[in-house]
Amino acid sequence: MKLTYIYLATDTAGAGKSGGGNVNSGVSVYAFSAETAKGSFTHIVVYTKSSLVEQTTPAAVALADSVASASSVAFADKDLDSAQIGGDTTWTLAADETHVSNYYIYLATDTAGAGKSGGGNVNSGVS
């Protein structure tokens with residue numbers, strides 16, 4: 001059986017290859033898990049392997065890591081009861097929403113998101 005192996009690498013020749021996985025012959029999709037650490041890797045390399053040996057030269061593509069973040073978050077409490085909150089949360093949309101599907105809103109115990117709980121989500125394009 002012929003397999004295809006997919007790795008993260010530090011160049012187009014597959015140097016420092018690591019991680020990834022394999023798929024059976026005839027399958028041309030491999031999904032890296034969300035939150036896969038990019039580290040110093042710069043490429044994804046794809047090798048085929050027969051029952052005898054893995055090919056020497058891989059196909060390669062440069063990694064394009066996306067970052068999108070909301071900013072200018074604001075909340076105006078309109079609930080007049082002690083120890084309760086209610087009101088609108090607003091924010092500025094990410095500058096590039098190409099890969100954004102939703103914004104998730106949580107209550108947290110600090111600005112880094114510690115102890116996050118509750119909340120909800122809003123489709124992209126809505127602030």
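In this predicted model, strand E7 gives the most to the lining of the largest pocket, contributing 5 residues. Strand E7 covers residues 102-107, and it is joined by strand E5 (71-75) and strand E6 (89-92), each of the three supplying at least two residues of that lining.

The space in the largest pocket comes to about 610 Å³. Its lining is made up of 18 residues, and those nearest the centre are Val73, Tyr104, Ile105, Tyr106 and Leu107. By class, the lining of the largest pocket holds 12 nonpolar, 4 polar and 2 charged residues.

The second largest pocket holds about 500 Å³ of space. It is lined by 14 residues, with Ser33, Glu35, Thr36, Asp65 and Ser66 closest to its centre. Here the lining divides into 7 nonpolar, 4 polar and 3 charged residues.

Glu35 sits in the loop between E2 and E3, and Ser66 sits in the loop between E4 and E5. Glu35 has a relative accessible area of 80%, over the 50% limit, and therefore counts as exposed. Ser66 is partly exposed, with a relative accessible area of 43%. Ser66 also lies 9.7 Å from Val100, C-alpha to C-alpha, although the two are 34 residues apart in sequence.

**Backbone angles**

Most residues other than glycine have a negative phi. Glu35 is not a glycine, yet its phi is positive, at about 75 degrees. Ser72 likewise is not a glycine and has a positive phi, of about 50 degrees. Ser72 belongs to strand E5, and with a relative accessible area of 57% it is exposed.

**A nonpolar patch on the surface**

Which residues form a nonpolar patch on the surface? Phe75, Ile85 and Leu107 do, and together they have about 290 Å² of accessible area. Leu107 is also one of the residues that lie nearest the centre of the largest pocket. Ile85 is located in the loop between E5 and E6. Its relative accessibility of 51% is over the 50% limit, so Ile85 counts as exposed.

**The salt bridge**

Side chains of opposite charge can pair when their charged atoms come close. The count for this model comes to 1 salt bridge. Lys17 and Glu54 form a salt bridge, with their closest N and O atoms 2.6 Å apart. This pair links distant parts of the chain, as Lys17 and Glu54 are 37 residues apart. Lys17 lies in the loop between strand E1 (3-9) and strand E2 (18-24), while Glu54 lies in the loop between strand E3 (43-49) and strand E4 (59-62). Lys17 has a relative accessible area of 34%, which falls between the limits of 20% and 50%, so it is partly exposed.

Ala15 is placed in the loop between E1 and E2, and at 31% relative accessibility it counts as partly exposed. Lys38 is placed in the loop between E2 and E3; it too is partly exposed, with a relative accessible area of 36%. Trp91 belongs to strand E6. At 11% relative accessibility, under the 20% limit, Trp91 therefore counts as buried.

| Pair | Separation in sequence | C-alpha to C-alpha distance |
|---|---|---|
| Lys38 and Leu8 | 30 residues | 8.2 Å |
| Ser66 and Val100 | 34 residues | 9.7 Å |
| Ala15 and Tyr5 | 10 residues | 14 Å |
| Trp91 and Ser101 | 10 residues | 16 Å |

Lys38 and Leu8 are 30 residues apart in sequence, and their C-alpha atoms are 8.2 Å apart in space. Trp91 and Ser101 are 10 residues apart in sequence, and their C-alpha atoms are 16 Å apart. For Ala15 and Tyr5, 10 residues apart along the chain, the C-alpha separation is 14 Å.

Notes
Residues numbered from 1 in each chain as written. Predicted model: local features only at pLDDT ≥ 70, side-chain atom pairs only at ≥ 80, totals over all residues. Heavy atoms only, no water. 1 Å grid on protein atoms, 1.4 Å probe; cavity = no way out; pocket = protein on both sides within 12 Å on 5 of 7 lines; lining within 4 Å. Points joined across faces, edges and corners; volume = space filled by probe spheres on them. Helix = DSSP H or I, 4+ residues; strand = E, 2+ residues; numbered from the N terminus. Nonpolar A, V, L, I, M, F, W, Y, C, P; charged D, E, K, R; others polar. Patch = residues over 30% accessible without salt bridge, like charges linked within 9 Å, V, L, I, M, F, W, Y side chains within 5 Å. Areas by Shrake-Rupley, 256 points an atom, 1.4 Å probe, with all protein chains shown as cover. Salt bridge = Lys/Arg side-chain N within 4 Å of Asp/Glu carboxyl O. Buried < 20%, exposed > 50% of the residue type's maximum accessible area, 1.4 Å probe, protein only.
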